[in-house]
Amino acid sequence: MRSAAMLAGFLAVAWAQVAAVLVVVLLVLEPLPGELALQVAVPLVIAVAGLLWWATVRALRLRRPLPAGVPVLRQHAPALWTMIDDAALAAGVKPPAGVTIVAGATATVAQRLRLGGLAGGPRELYLGLPLLQAWDESRVRAVVAHELAHGSPALGGRFAPMARRGRLALGRIVPRIPRRSPAGPLLRAWARWYRAVDTPFSHAQELAADRVAAGFAGPHAAAAVLRDGPALEAMQQLFHAEYLSPGWQTGLVPDDVFGGFLRMLAARGDDMTALRGREPEPPGEWDPHPPLAERLAALAEITPEGPEQPGRPAGELVPDLPGLGRALQAVAFPVGARAVVGWDEFFGVARIAEMEREADASLRALSRAAGAPVTGAADVLDLAADGRLRKVAETVFDDLPADEVSGRITDLIALLLALAALHSGVARWRHSWTGTAELVVIDGSYLELQEPAEAAGDPATVGEVRAWLTSIGVDLTASASTARHHSARVPVLGGVVGVQVDGARTDLLVLETGLLLVPALPRTRHHESKRRLTRLATDGVLPDGSPAPEPAPAATATATATLEKTDNRFVPFADVATASATRNGRRSWEINLRDGGTLTVRSTLDSEELPGGWAALDDAVAFLTRTR
């Protein structure tokens, strides 16, 4: 009851601020003559009360996009729904209105929050497909029962569900309040008070939900979920970062995303074991869960001795789990303009694209130092034969000792020789779900390039290396053949909507290779701007800064892409001479270009980041500052 009352108080305080400021404005205007009061009233009310009203509305707005997923009806998975009905009965709540299978390795019951959390709409269960793939039925039963129990009045009285909604609502509202918002200080102070009052109850509610899960699925299963859940989420993050993201950025998509995740889990069991034993991160300030050790200790008190009995795979709750995975992939990882390939080709093209980006950056630096274009392995070996490669490299790496410069030269030549072998069709990448990929000849034998690369850096032996490369069929002038694939995308690190660039309102994407500046839409279309930038980041950006091509039919899409390419501006990091960041009220970055131009980026009151946007921009400028 205290938590629910303080939630209502938070909302009341938010709007009381607006009313109080409006009353003060009216009191100031009251002594003024009628005509003068009218002239002063409109701008004053807009400037003071209007600003506070706008800041309050923005702070209290609860918009949360729901994850992409595949709804599962009762007739499609009767066994799954029977389990969910039984879990709802055990938790003392009504079954959810719907069940949606999602891509994340998590389970949650989502409810639309109304009136700032004072009221709630229908509940929907979002169940991660990786849980059905990797866990047995008892673990899935435990996690479903725990999530459903959050809405049970049995866990703290009839106000318990409202208190739960309130914590979730404030956990989303408070971090979004801008530091300079006039509505911020009082709301943040009330939120700290609310958190101090509500935390003991939230912890008790979570422990009670754990007991519900233990009673429904068994204490062993409830404890296993607490250990395995974070580990499985960490493995999925690893899968996305190391396996899926590099190829996705090249314009490809594997033919079986979730099957690949399952193969990675099977191959990297030791990593999963290590993650289970890792010290958990402390809960966040709005996280309702008590520390993991406390939860496990509470379950240990009711856990009988003896090992856990293995249950049937959770995938048996769904009649066609592979088919469900394919349907979910179509929603969560839409193909768009990407080419669908097998995992082997997906890995190979991704690795080659990464190598080409690295080689391109190095060749640009060599070209500037040499004063002439250096475009590939043939040009680099020509420099080595003339004895100029060492001098050019020393100009590029003027801050490194001689032995490190030699190492950089060898690494670059090895990279370029590997690319030439791959482009000539002599070599391929052999990948493993457990270890490092190997560069092998087409017949599968290992291709050693480190020693030839060292010899190629010496003018006395570079000719021998050329002869050896020719003998095995490597063409040093060969280029990539991308006829059957769309152009590779550049990794997007983050983005910000509504910044000022040289005084003009602009949306900005931070790419691995530079900054993409997109003319912003009017402020009245702010949310449309954010959706547009998110879509651009998702579809991908080509190395020249133009949007990735859209799927057919291409007539309208091509015109749109051409327009965007013309209007957008791409600033490669290679063209940056110096960069600096300041923070005097608003964030500000100044980027000086090699051609003498200057780029000034400043945040505005309504600037809003895509995930990781500000950090990506700060990291990019910090990197440029260190390396320029």
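**Figure 1. Surface and overall make-up of the chain.** The accessible surface of the chain comes to about 30,700 Å², and carbon and sulfur atoms contribute 57% of this area. The model is predicted. Its chain of 628 residues has 45% of them in the buried class. Secondary structure consists of 21 helices and 16 strands. Among contacts in the chain with a separation of 6 or more, 72% are between residues 24 or more positions apart. The count of salt bridges in the chain comes to 19, and the views below show some of them.

**Figure 2. Salt bridge between R268 and E242.** The two side chains meet with an N to O distance of 3.4 Å. R268 sits in the loop between α9 (257-267) and α10 (269-276), whereas E242 belongs to helix α8 (residues 219-249); the pair thus links distant parts of the chain, 26 residues apart. The relative accessible area of R268 is 14%, so this residue is buried. E242, by contrast, has a relative accessible area of 46% and is partly exposed.

**Figure 3. Salt bridge between R351 and E354 within one helix.** The closest N and O atoms of R351 and E354 are 3.8 Å apart, inside the 4 Å limit for a salt bridge. Both residues lie in helix α13 (residues 343-370); because they are three residues apart there, about one helical turn separates them. R351 is partly exposed, at 28% relative accessibility. E354 is also partly exposed, at 38%.

**Figure 4. Salt bridge between K530 and E608.** An N to O distance of 2.9 Å marks the salt bridge between the side chains of K530 and E608. K530 is part of helix α19 (residues 526-539) and E608 is part of strand β16 (residues 608-609), so the pair ties together parts of the chain 78 residues apart in sequence. K530 has a relative accessible area of 25% and is partly exposed. E608 has a relative accessibility of 17% and counts as buried, because the cut-off for that class is under 20%.

Figure 5. Side chains of opposite charge can pair when their charged atoms come close.

How values were computed
Residues numbered from 1 in each chain as written. Predicted model: local features only at pLDDT ≥ 70, side-chain atom pairs only at ≥ 80, totals over all residues. Heavy atoms only, no water. Helix = DSSP H or I, 4+ residues; strand = E, 2+ residues; numbered from the N terminus. Buried < 20%, exposed > 50% of the residue type's maximum accessible area, 1.4 Å probe, protein only. Contact = heavy atoms within 4.5 Å. Areas by Shrake-Rupley, 256 points an atom, 1.4 Å probe, with all protein chains shown as cover.
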